[in-house]
Amino acid sequence: MTRTHRKRRSTWIDITFSTIIIALTVATIYLISLNGKNTAASPPKTQAAKPTPVVIDTIDSSYPGIKIITETSNDTYSPFAIQYPQSLHSTFNDAISTYITYTKKSYLTAMEKNRELASKYKGELNISFETLSHHSGNYSFVIVNSNSIVGANGATEIRSFHLNPVTEKIISIEDVFKWDQKRLETISTLVRDHLYNDSTLKDHLYPEELHLNTEPVWENYSNFALTDDSIIFYFDEYELAAGAIGPPIVAIPLGAINDLLADEFKIQVQESDSSLDENIEVEKPDDGTTPDVNAPPSNEEQIRDIDQNSGGTPLHDGTGETIVKKVALTFDDGPDPKVTTQILDTLQKYNAKATFFMLGSRVEYYPDIAKNVKDAGHELGNHTWNHPDLTKADSEKIGNEINRTSTIIETVTGTKATAFRPPYGAVNQKVSSQTGLPVVLWDVDTLDWKHRNANRLLMKVKEETKDGSIILMHDIHQSTADGLDAVLAYLQSEGYIFVTVSELD
Ligand code: ZN
């Protein structure tokens, strides 16, 4: 009985094992055949699985403790160029990395889907960032993500990240306004006023979306940057207005909302109020702050006056007709390996000469690019080492910022800088007396840093350029490099010749 029982039991075990083995074998054979089919049937997929190598590069930034990571892929179908900051603090790094990884993956996945639909059009993903500092020690990192996926319109979104590298504190918009709903309501009203009064946005706004996305809800204001002068709010393209005008940006002077700010962000009181008024209200194209709507109108007139006095006079023939019109193209805040190089190529195509107002800190990082600018025959300008507002600096700092930059430009290129442009156009007697170089401002502000839109670059130039104009652009924004060809083609067709700022005199 027992024996039989045992025997029956072992038969069961045998059957079970055999079944499992057969099942596993069948499954394995099936899987192998599937795999074989895939590789055999669709060679393009195998190619797709072997992406062009991604080049990752790390350099120090001019901000202590902050490195710049660059990831590039020159894949012919789904290329990308991504730049983001890395600090010594893991919470901050994780937040950035999560955003970058997600964005990159979404782009590559969408592109792959398009490839399956047999679309051959290539996509584009460009992520760059700017660093804005505030006297509290906070750095705002503004990440600009422009992408274009086949079959959809390109879009730009802006995300901000914050870090105080010394205290390791990461702030949110709630911290800036002390988590106070009342204060947020005031901000909401101010932002709406700015949007409705912004002449470049006029006719492009979507009133309903605008209202919804500027309601006093913290999340609506979560993308912001702090400078010593302003708080800047960023909205996504299409969020409030038509895509043609790019992502709307609103800057509110801190002076106007000082009472609403948490103590650490309050504006520092200056000794001389009158000099402050004269100097800080000048348009601030470089650090992302928009010109203040309350700025005295005299600034622009002043710049125009300077321009007219300094050689805007057209050359005339005997009949009084203009025979040649001059325009000076200027590029600030570079050099940049990718953008400056593309701009040099475009200028060469039109045999155009321009002036590059370089930051010493960037010349130090990219000496070869600075040298290329010189070798191409352009004028070299000094734009300070670190881009501070010199009207707020003491004489020693002013001297350092200017001299150190002139020295590195000469060391690297073998040529002296021959013009000086103060950051933000902020200049007073003290600053100009220390430069030893002609101070050059501008009369046509393309606002390229603000709209990041290649088409709007041309729009601005068309609207404002006249004989003798000095056009302000920045050779750190991809959209500027992309829009330049159309600008040069237009100006050439209008009879302009391209000169350096010194040749304008
Ligand atoms: Zn600048």
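Glu464 and Lys460 join their side chains in a salt bridge, 3.4 Å from N to O. A salt bridge here is a side-chain nitrogen of Lys or Arg within 4 Å of a carboxyl oxygen of Asp or Glu. This is a predicted model, where local features need pLDDT of at least 70, side-chain atom pairs count only at pLDDT 80 or more, and totals for chains, interfaces and linings use all residues. Residues are numbered from 1 along each chain as its sequence is written, and side-chain values use heavy atoms, with hydrogens and water left out.

Both partners sit in helix α15 (residues 454-464), 4 residues apart, about one turn of the helix. Helices (H or I, at least four residues) and strands (E, at least two) are DSSP runs, numbered from the N terminus. Glu464 is partly exposed at 24% relative accessibility. Lys460 is buried at 11%. Buried means under 20% relative accessible area, exposed over 50%, and partly exposed in between (1.4 Å probe, protein chains only).

The structure holds 18 salt bridges. Three of them are tabulated here.

| Salt bridge | N to O distance |
|---|---|
| Glu464 and Lys460 | 3.4 Å |
| Lys416 and Glu410 | 3.3 Å |
| Asp332 and Arg421 | 2.9 Å |

Lys416 is exposed, at 54% relative accessible area; Glu410 is partly exposed, at 33%. Asp332 and Arg421 are both buried.

Strand β9 (residues 249-253) has 5 of its 5 residues buried. Ile249, Ala251 and Pro253 point one way, Val250 and Ile252 the other. Strand β8 (residues 230-234) runs antiparallel to β9, joined by 5 bridges; strands pair if DSSP finds at least two bridges between them. Ser230 has Pro253 as its bridge partner in β9.
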